[in-house]
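Okay, everyone, let's get going. Have a look at the model on the screen, and I'll talk you through the sheet and the cores.

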Amino acid sequence: MVLGTGGTIAGRAAIAGDNLGYVAGQVQVGELLADVPIPEGITWAAEQVCNIDSKDMSHAHWRALACRCQQLLDDPGVRGIVITHGTDTLEETAFFLGEVLMAHKPVVLTCAMRPASSAAPDGPQNLRDALAVAVADGAQGVLAVCAGTIHRARQVRKVHTYRLDAFSSGESGPVGFVEEGRIRRVCAWPEVLAPRLSAQRLLAADLWPSVQIITSHAGADTVLVDAIVQAGGVDGIVVAATGNGTVHQSLQEALAKAQAAGIAVVRATRCADGAVLSSGEDRCAHAFDLSPVKARISLMLDLMGSRHRPA
């Protein structure tokens with residue numbers, strides 16, 4: 001099954017040579033597949049879940065996508081799922097799906113850095129590579145495929161603003177590569193774990209927790225955290241901290257007040273690589289190797305789970 005959500009891969013510009021002034025989410029996923037040479041032996045069907053610029057991805061879109069994916073994963077007639085997605089929030093959607101799906105089959109997100117109307121679009125090859133991964137022997141878990149590289153959902157990050165090879169798995173490295181339709185793995189497929197929150201519980205959660213991201217930096221002050229505490233309605237804060245999860249002194253004091261007011265606080269690092277290691281005297285929890293945007297999702301799921309946990 002190929003599920004469309006929009007993005008640059010489904011974008012159109014008025015001029016074929018324009019790779020910047022396009023509108024994302026204009027082409028239906030069935031049209032995208034019509035231009036792709038499908039690997040031999042694959043029978044596919046397509047559905048349009050949404051058709052948006054991925055910068056506008058919402059919790060409602062995530063819930064609809066996750067629930068549909070789980071239905072398809074539970075269908076014995078479905079071997080794998082491919083999701084076309086915009087690059088801007090692909091890493092967030094991939095991580096979210098990896099945390100809530102029982103993905104004993106492959107769920108492969110793919111994308112493009114050039115619109116479908118480009119004189120040299122990269123979407124068709126990325127989509128063909130994703131299909132190859134979706135039917136690969138032993139493939140499982142939530143993955144992302146871009147520019148011939150296969151990434152795990154937990155590690156994948158967008159690291160470049162315009163290059164075709166815009167994603168990285170950091171110091172852990174990718175799962176492998178797609179080379180002329182063949183898969184060359186350099187490490188194991190992702191381990192399949194029980195979902196942190198089931199599709200049924202996602203459907204039951206009408207109001208998702210509000211988790212905001214604050215950045216620690218030179219000269220940081222208390223303004224944003226104070227405003228969050230005073231306004232109310234925020235359930236959690238992720239701090240994009242410096243280095244090994246260090247936080248500016250002024251900001252640290254404000255965060256302590258936020259915790260006292262019942263707001264959950266988690267530290268992640270601004271660094272592209274490495275993980276936050278505990279000093280044993282931490283004032284708040286840390287996100288280990290998760291980026292700030294993924295730490296936000298993780299905290300949100302933790303809060304949702306605690307709300308729906310039996311007394």
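I'll start with the sheet and then move to the nonpolar packing.

Quick housekeeping: this is a predicted model, with local features needing pLDDT of at least 70 and side-chain atom pairs counting only at pLDDT 80 or more, while totals for chains, interfaces and linings use all residues. Numbering runs from 1 along each chain as its sequence is written, and side-chain values use heavy atoms, leaving out hydrogens and water.

So, the sheet: eight strands, open, mixed pairing, in the order 4-1-5-6-7-8-11-12. Strands here are DSSP E runs of at least two residues, helices H or I runs of at least four, numbered from the N terminus, and pairing takes at least two DSSP bridges. At the edges sit strand 4 (46–52) and strand 12 (182–185), each pairing on one side only.

Now look at strand 6 (residues 106–110) and strand 7 (residues 141–146), which run parallel over five bridges. Pro106 is opposite Gly141 there.

On to the cores, meaning buried Ala, Val, Leu, Ile, Met, Phe, Trp, Tyr and Cys residues joined through side-chain atoms within 4.5 Å, with buried being under 20% relative accessible area for a 1.4 Å probe, protein chains only. The largest one has 49 residues, and Ile81, Ile83, Phe96, Leu97, Leu101, Val107 and Val142 touch the most other members. Which helix gives the most to this core? That's helix 8, with seven residues. Apart from this core there's another, of 26 residues, including Ala130 and Val133.

Definitions and conventions:
Buried means under 20% relative accessible area, exposed over 50%, partly exposed in between (1.4 Å probe, protein chains only).
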